[in-house]
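Here are a few exercises to work through with the model open beside you. Try each task before you read its solution.

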There are 2 protein chains.
Amino acid sequence: MAEEVKVFGLWGSPFSRRVDIALKLKGIDSEYHEEDLSNKSSLLIKYNPIHKKVPVLVHHDKPLAESQVILEYIDETWENYPILPKDPYERAKARFGARFIDDKCFPAIWKAYWSKDEREKAVEELIELLKFLENELNDNFFGGETVGLVDIVGSLIAHWLPALQEVAGVEILTEEKFPKLCRWTHEFVNHSVVKEVLPSREKLIALFRALLESTSS
Amino acid sequence: MAEEVKVFGLWGSPFSRRVDIALKLKGIDSEYHEEDLSNKSSLLIKYNPIHKKVPVLVHHDKPLAESQVILEYIDETWENYPILPKDPYERAKARFGARFIDDKCFPAIWKAYWSKDEREKAVEELIELLKFLENELNDNFFGGETVGLVDIVGSLIAHWLPALQEVAGVEILTEEKFPKLCRWTHEFVNHSVVKEVLPSREKLIALFRALLESTSS
């Protein structure tokens, strides 16, 4: 493989799948290593000694961790199909949106669906956060006419959140409240490249059912 | 002012000061607005409705929040005195380091000095985190021969941490344990541009004393 790109990931992790979406959009082949979190590979620990987490990208033997750092690296290394906009202000807004999803939405989703004590408050908070995203969406994608950084990071909301909703029976992202986000969700998960990378909804639902059973027992 | 750059900040916030350091390194004049966190200005809330936090940079009436997003914007907008390296892998490593300081070191410092229950564990964790930074430092600065992204974000460790240590009487960053980090701390806070921007150690110590008294009463 000329490019020597390896990815260490987990099929059910939204953070892992981001890297695969970006590589696929750029048309870069990679060698994929599925990790077992209960028995992490020595390579994962070697390549990401700090966080010991997926995803890790290894390019020409040089490892990188942290999904958003990897996405920017991919965009700077392979210039076809830009993931970030060209204009500095638009780039900054995309970075702000991507951080907003990880720093604000992800913890709120986690608490809204998995916590015992803070669920109600987290649901309210998540609704407020999704309103911000709803207002930011002016095209097919957050990236405009093409899938960009915020869309890729947002697969958490487009694909993982609806599966969680179905398993838990708590609907937050609905057509009535968030028509633009729901349309985007549909566009994104059916995008010709994205849909090849995302795990099937059925597999995710089975994963969440198993997780929910193991945490509620 | 030709560039119309405004900064909304707090003198004692390491996040705010980052923006001022970057602008000063680039030689960009700005109009500074000191915020009062107990009575936030309507402009701050208008410009950063999501987080309602400092720092906010406003360039030609377009606002940006989140200090690391602002630093990248500054580096892309004014190209003299680069803050990030040119090489994509080195850029990614700098971004990883900057995120590491905010996502891992900042919460550990907070807990090590302000929490009641988790202090001991946080001190141990912080020592491990600082070891990583100690090993990453191979030149005068994390940015090599010049101050770069990790140094600017790291002012939290170079300037705020030593003042906190003095007030709390808990020494973590010591010459014996971290000789390279301590040398860097000295180089950084005495850098001709940086020292003009950082608040004096005496002012920080007085701030921490007041904070410590108000939280322990």
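**Exercise 1. Work out how helical residues 87-211 of chain A are, and how far apart the ends lie.**

Start with the content: over residues 87-211 the chain is 72% helix and 0% strand, where helices (H or I, at least four residues) and strands (E, at least two) are DSSP runs numbered from the N terminus. Next, the end C-alpha atoms sit 42 Å apart. Finally, the label: an unreviewed UniProt entry places "domain: GST C-terminal" at residues 87-211 of chain A; such annotations may be inferred rather than shown by experiment.

A word on the ground rules. This is a predicted model, with local features needing pLDDT of at least 70 and side-chain atom pairs pLDDT 80 or more, while totals for chains, interfaces and linings use all residues. Residues count from 1 along each chain as written, chains are lettered from A and ligands numbered from 1 in the order written, and side-chain values use heavy atoms, without hydrogens or water.

**Exercise 2. Describe how helix 4 and helix 7 of chain A pack.**

First get the geometry: helix 4 (residues 88-114) and helix 7 (residues 155-168) of chain A pack at about 10 degrees, axes 11 Å apart. Axes here are lines fitted to C-alpha atoms over the stretch in contact, and angles run from 0 to 180 degrees between N-to-C directions. That makes the two helices of chain A roughly parallel (angles under 35 degrees).

Now list who meets whom (contact is heavy atoms within 4.5 Å): from helix 4, the residues include A:I101, A:C105 and A:I109, and from helix 7, they include A:I157, A:L161 and A:Q165.

**Exercise 3. Find which residues touch the most other members of the largest nonpolar core.**

Such a core is a set of buried Ala, Val, Leu, Ile, Met, Phe, Trp, Tyr and Cys residues joined through side-chain atoms within 4.5 Å; buried is under 20% relative accessible area, with a 1.4 Å probe and protein chains only. The core has 78 residues, and A:L130, A:L133 and A:I157 touch the most other members. Helix 4 of chain A gives the most, eleven residues. Zoom in on A:I157: its contacts include A:L130, A:L133, A:P162 and A:W184, leaving out residues up to four places away in sequence.

**Exercise 4. Decide whether helix 3 of chain A is mostly covered or mostly open, and name what covers it.**

Count first: ten of the eleven residues in helix 3 (residues 67-77) of chain A are buried, among them A:V69, A:L71 and A:Y73. Then look around: the cover includes helix 1 (14-26) of chain A and also helix 4 (88-114) of chain B.

Note on methods. Angles under 35 degrees count as roughly parallel, over 145 as roughly antiparallel, 65 to 115 as roughly perpendicular and the rest as oblique. Buried means under 20% relative accessible area, exposed over 50%, partly exposed in between (1.4 Å probe, protein chains only).
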